[in-house]
Amino acid sequence: MIIDCHNHFDGPHAHDGLMANMKHTGSDQINILIYEQQNTNPDALRNDAALWLKLKHPDRVYIFAGLDGTGLFNKGPAPETPFTTQLQNLIDCGCDGLKLLIGKPDARKFYGHPLDSAVYNPLLDMLESTGFPVLWHVADPPEFWSEQTVPLWAKLNRWWYDETYPTKATIDREIAAVLDAHPKLNVILPHFFFLSDRLEEATEVLKRHPNVFFDLAPGVEMYHNFTANHAASRQFFIDHADRIVFGTDIGMGSNSTGPERGPMIRRFLETDDRFQVPDDPYMTPDPRPDLHGLKLPKDALDQILYRNFQRVVKSDRPRPLNKNAVKKTLQTLEANARSRGAKNPMATQILADI
């Protein structure tokens with residue numbers, strides 16, 4: 001059994017490619033992540049696409065849906081629709097969790113609110129009280145804050161952060177305050193929380209916050225860091241196998257990820273092979289040495305590949321969708337997009353298919 005907890009999907013046009021990637025990776029089920037807007041695009045929230053996919057594959061697709069942050073952009077005082085109202089609607093629809101991107105440096109800059117701002121407390125309180133899962137992207141690799149240290153593939157894409165963005169230290173302080181103030185958050189921190197080069201600190205985070213999990217979606221830097229500290233990394237994975245979740249980030253960048261990223265992660269976990277990072281616009285080119293697999297024991301693999309995600313969502317299958325609630329949600333997405341200037345919202349197309 002394999003559940004890929006970290007996928008992206010932006011519409012029916014990407015369906016066949018996603019299904020092919022699932023088969024190639026060996027995934028039995030996948031989790032689609034839809035994040036809140038990072039811009040003012042009136043048709044930016046892609047919950048409609050994820051709902052369409054889950055309606056098509058109700059036993060294979062989980063959804064961690066996103067929120068409409070309109071009203072909070074650029075330090076706005078409050079979302080137009082309260083986040084708690086939106087969260088309840090997602091729960092009513094049959095979504096399986098929530099995706100947050102507001103901790104990523106560009107989204108954090110766009111919203112302008114610290115992660116521990118009071119504007120987020122009602123949402124965080126509700127997530128705690130319900131136990132509803134959240135996968136929350138926080139910060140980025142430390143080397144991304146300088147053009148001189150950013151990896152080659154990112155530099156070629158002009159992806160790094162200058163002095164106009166919040167620093168990694170700032171974002172780290174904010175999320176630490178959030179986790180201390182909301183200890184019952186049922187949360188996955190993706191990309192190993194960007195601590196792959198600091199395993200002692202990663203251990204402390206997991207000890208301090210027993211409801212926190214890390215996922216393994218590349219950031220390929222984590223696999224280079226694990227390789228460079230191979231023995232300690234393997235022991236970390238064995239010692240904390242109950243807190244690590246398999247994920248690939250397939251479908252990011254408008255479905256431009258390479259097909260080998262899923263098999264790469266499995267090979268790293270399951271074998272002691274030495275091998276090159278496969279071609280992928282978000283992993284290569286990169287001059288760092290080949291990867292060296294960890295060859296984890298079967299019980300550790302089973303926990304990482306599917307059991308831990310089932311613990312997070314408290315089920316071995318996706319929640320059933322409430323079609324009436326789904327239709328109402330799509331109609332709201334359609335109306336909101338049109339009111340903000342979209343000519344033919346994605347939700348209009350999805351509504352025609354259900």
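**Helix 2 and beyond**

Modeller: Start with helix 2, residues 47-56: eight of its 10 residues are buried, so helix 2 is largely enclosed by the rest of the structure. Keep in mind that this is a predicted model.

Biologist: Which residues of helix 2 are buried?

Modeller: Asn47, Asp48, Ala49, Ala50, Leu51, Trp52, Leu53 and Lys54.

Biologist: Zooming out. How many helices and strands are in the protein?

Modeller: The protein has 15 helices and 10 strands.

Biologist: What radius of gyration does the protein have, and what would a compact globule have?

Modeller: The protein has 19 Å. A compact globule of 354 residues would be near 20 Å, so the value agrees. Along the principal axes, the C-alpha trace spans about 55 × 40 × 40 Å.

Biologist: What share of the residues is buried?

Modeller: Buried residues account for 59% of the 354. The exposed surface comes to about 14,600 Å², with carbon and sulfur atoms supplying 50% of that.

Biologist: What about contacts between residues at least 6 apart in sequence?

Modeller: Of those, 75% join residues at least 24 apart.

Biologist: Charges next. How far apart are the mean positions of the positive and negative ones?

Modeller: They are 3 Å apart, for 38 positive and 46 negative charges.

Biologist: New topic, lysine 99. Where is it found, and is it buried or exposed?

Modeller: Lysine 99 is in strand 4, residues 97-103. Lysine 99 counts as buried because its relative accessible area is 1%, under the 20% cut-off.

Biologist: Which residues is lysine 99 in contact with?

Modeller: Setting aside neighbours within four places in sequence, lysine 99 is in contact with Leu33, Ile34, Tyr35, Glu36, Phe64, Ala65, Gly66, Leu135 and His137.

Biologist: How far is lysine 99 from alanine 139?

Modeller: Their C-alpha atoms are separated by 15 Å, and the two residues are 40 apart along the chain.

Biologist: While we're on alanine 139, what is its phi?

Modeller: Near 70°, which is a positive value in a residue other than glycine. Alanine 139 sits in the loop between strand 5 (134-138) and helix 6 (152-156). With a relative accessible area of 1%, alanine 139 is buried.

Biologist: And what is phi for asparagine 255?

Modeller: Asparagine 255 has phi near 65°, also positive and not a glycine. The residue is in helix 11, residues 252-255. At 27% relative accessibility, asparagine 255 counts as partly exposed.

Biologist: Which peptide bond is cis at proline 285?

Modeller: The one from threonine 284 to proline 285, with omega near 5°. Proline 285 lies in the loop between strand 9 (274-275) and strand 10 (291-292).

Biologist: Last one, cysteines. How many disulfides?

Modeller: Zero, counting sulfur pairs within 2.5 Å.

Biologist: Are cysteine 93 and cysteine 95 buried or exposed?

Modeller: Cysteine 93 is buried at 1% relative accessibility. Cysteine 95 is buried at 2%.

Technical notes
Residues numbered from 1 in each chain as written. Predicted model: local features only at pLDDT ≥ 70, side-chain atom pairs only at ≥ 80, totals over all residues. Heavy atoms only, no water. Helix = DSSP H or I, 4+ residues; strand = E, 2+ residues; numbered from the N terminus. Rg over C-alpha atoms; globule rule 2.2 N^0.38 Å. Buried < 20%, exposed > 50% of the residue type's maximum accessible area, 1.4 Å probe, protein only. Contact = heavy atoms within 4.5 Å. Areas by Shrake-Rupley, 256 points an atom, 1.4 Å probe, with all protein chains shown as cover. Lys, Arg positive; Asp, Glu negative; His and termini not counted. Charge placed at Lys NZ, Arg CZ, Asp CG, Glu CD.
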